[in-house]
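I opened this notebook to record what I looked up in one structure. The entries run from the whole chain to single residues.

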Amino acid sequence: MEKKLEVKNLQISFRTQQGILKAVRDISFDLYKGETLALVGESGSGKSVTNRAVMGILAGNGIIEGGEILYDGQDLVQISEEDFHKLRGDKIAMIFQDPMSSLNPIMKVGKQLTEAMLLKNAASRRNARKLFNDKLALLNKNMDEVNPNQAVQNKEDCKTFDTFSVHATKLEGVFNKAHNEAEELKLDIDNFIFLVEKKQNVRAKYSIRDFIKRLSETYHPRVVVENNKVKSLIAKLSAEVSAITKNKVSEEILDILRKISEILDEAINKDKPNFFCLGYYVMKNPNADVDSMELCELNKMVRQCLDDEFMIEFIQKGKAAILNSHNISMQKKRDNMLPLQEALDYFKNEKIDEKEANEVANKVIPLVNEAIDRLEIIKNSTEYTFGSSLKGNIKKYFDGLKQNESEAKRFAREDAKYQRIIARGKTPDWRVIPAVYFDEKLGVRNICNVIEYLMNSYQRDFDNDDLFDGEAKMIDLVDYLKEQASTLVFRITKKIAKARALKLLEEVGIPEPVIRYNQYPFEFSGGMRQRIVIAIALAANPDILICDEPTTALDVTIQAQILELINKLKAQRNLSVIFITHNLGVVANMADRIAVMYAGK
């Protein structure tokens, strides 16, 4: 099962007036794809602190003294706030105990929902082409290493893959444009009907003429087909709109709009062509009439064409390339075990020199980076974060030693001043803050842990090497490239974002979402606010959802509804969920695994 998050030996403390308070003491856990992990414990046990560290929102006096939080090839303990900003709310979302703490009280809930969608879409589209190009170039490189005599053909094959992927993205882009317009138009027509039925003021003639004009933009053989039925409805609507007076919309016009809405709804829910295979077929047969074929028949034909003429052979070449990349990586990992063991032995010594420590790190880090299999789609976070984690812990260790010296001087200076005041028979109105010393043994242990984690990860790879399936990995790589190509042309407009926000509000159980969309948070009850927070957390379609006691402030009936909603959404979206609570009864029907925390452990 795929690991989505790894927390290793996490230690968190807080600076207080009374000294250092240890809140989380060396905890470790893994979160797997599609599962719910419940963290259960009494108040003050460290549950929320742990997950605030995962989100990168610890209080200003919080200190991560050691450990790693690994996600998608990154150590969240080491990354910058700018990098965290790209993950927070997008890849890792959080539902807080108090919904008002995560809602903007002066911003309408609709805008708070659509913001995440628009920002994520722009960032995803920027990254997609680079990811596609990098992986394809790496595949080509490994093909050449396997068969250097076929370098020209390998380059041609990868170019063919790239070219028909571009064809596919163009075809999908045209489809998406019509599909998105159909989605937007249906939303506007339904809103118009809703407002008329509620006796609200509308710009009747202007709106209906706009609907007629925009309907033509939805025409596509696989979306809305411009047939006699559609033409007849447009003709009737055009005739009726001229008879509108004083913005009064007749029931006949509403009936026509409802029928158009039904056509649009049917179009929106149609199955999509296999654009990936269709791109290849159209590239090879530019004059072929593919629009008149039944979708099932078309998909079958283009898939057969792609497999027979290109893909089966390409997958076999790719399989050899992936095996080549994997075998090189495994050999380098075996070679790395000795220098890693030597580095571990060095850091286990009682006396560590800063210059030597950095030399040891600079020796092993390039070796580890070279051993990473870059063609592997699922990143091994332990390998990808090794360099930053090792360097970070070495820096933390020597900074801690310097801090101990300055802290000792600070304490001695303040204590001497305090004692002088006492000696004069006065009582100071302040007290000496206790000295806070860096734990040198813990610092060394954290450095050693980074190396040991990597060596253990290598050993697991050695043990499972016989199970490696090059063909399955190549198919996964093709699917990954297809996904990146599709992301490139998937554009979310403001209207599409609004349509999806309304669906999300409906999905989380908000009644009359069209009206609620334009309301402020204070206009909702506590349970409704929590549903909105859940909708906002899901708006960017995150990998991980952290629920920090989301039902504590709600009454029993609403608690049950929110828990049922989280369970349903988790199953529908295959989310990985961390559920924090102090109530074992709450997680009885929620958790796949339960971890109990007590006194930070």
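**Basis of the entries**

I worked from a predicted model, in which local features need pLDDT of at least 70 and side-chain atom pairs count only at pLDDT 80 or more, while totals for chains, interfaces and linings use all residues. Residues are numbered from 1 along each chain as its sequence is written, and side-chain values use heavy atoms, with hydrogens and water left out.

**Entry 1: the chain overall**

I began with the extent of the protein chain: its C-alpha atoms fill a box of roughly 100 × 75 × 40 Å along the principal axes. I noted 18 helices and nine strands in its secondary structure. Helices (H or I, at least four residues) and strands (E, at least two) are DSSP runs, numbered from the N terminus.

I then looked up burial, where buried means under 20% relative accessible area, exposed over 50%, and partly exposed in between, with a 1.4 Å probe and protein chains only. Of the 601 residues in the protein chain, 47% are buried. The chain exposes about 30,400 Å², and carbon and sulfur atoms supply 50% of that area. The areas come from the Shrake-Rupley method with a 1.4 Å probe; for residues, only the protein chains shown count as cover.

For contacts (heavy atoms within 4.5 Å), I recorded that residues 24 or more positions apart account for 79% of those with a separation of 6 or more.

The charge count gave 88 positive and 88 negative side chains, with the centres of the two sets 6 Å apart. Lys and Arg count as positive and Asp and Glu as negative, while His and the chain ends are not counted. Each charge is placed at NZ of Lys, CZ of Arg, CG of Asp or CD of Glu.

I found a kink of about 60 degrees in H9, centred on Asp-307. The bend at a residue is the angle between axes fitted to the seven residues ending there and the seven starting there.

I set H4 (residues 151–197) beside this. Its 47 residues should span 69 Å, and the end C-alpha atoms are 67 Å apart, which agrees. Lys-199 follows H4 and has a positive phi near 60 degrees.

**Entry 2: Phe-276**

I located Phe-276 in helix H8 (residues 275–284). Is Phe-276 buried or exposed? Its relative accessibility is 10%, so Phe-276 counts as buried. Beyond neighbours within four places in sequence, its contacts include Phe-161, Phe-164, Ser-165 and Ala-168. They also include Leu-306, Met-311, Val-478 and Lys-482. The C-alpha atoms of Phe-276 and Leu-171 are separated by 9.2 Å, although the two residues are 105 residues apart along the chain.

I examined Ile-12 in strand S1 and read a relative accessibility of 0%, so Ile-12 counts as buried. Leaving aside neighbours within four places in sequence, Ile-12 has contacts that include Leu-21, Val-24, Val-49, Leu-58 and Ile-64.

Asn-9 also has its place in S1 (residues 3–16). Asn-9 is not a glycine, yet its phi is positive, about 45 degrees. At 17% relative accessible area, Asn-9 is buried.

Asp-26, in strand S2 (residues 19–32), likewise has a positive phi, near 60 degrees, in a residue other than glycine. Asp-26 is partly exposed, at 34% relative accessible area.

**Entry 3: Thr-36 and Ala-591**

I placed Thr-36 in strand S3 (residues 36–40), where a relative accessible area of 1% makes Thr-36 buried. Neighbours within four places aside, Thr-36 is in contact with several residues, among them Lys-570, Val-577, Phe-579 and Ala-591.

Ala-591 lies in the loop between strand S8 (576–581) and strand S9 (593–596). Ala-591 is partly exposed, at 22% relative accessibility. Not counting residues up to four places away in sequence, Ala-591 touches Thr-36 and Ala-38. I read 8.9 Å between the C-alpha atoms of Ala-591 and Val-577, which are 14 residues apart along the chain.

How values were computed:
The expected span of a helix is 1.5 Å times one less than its number of residues.
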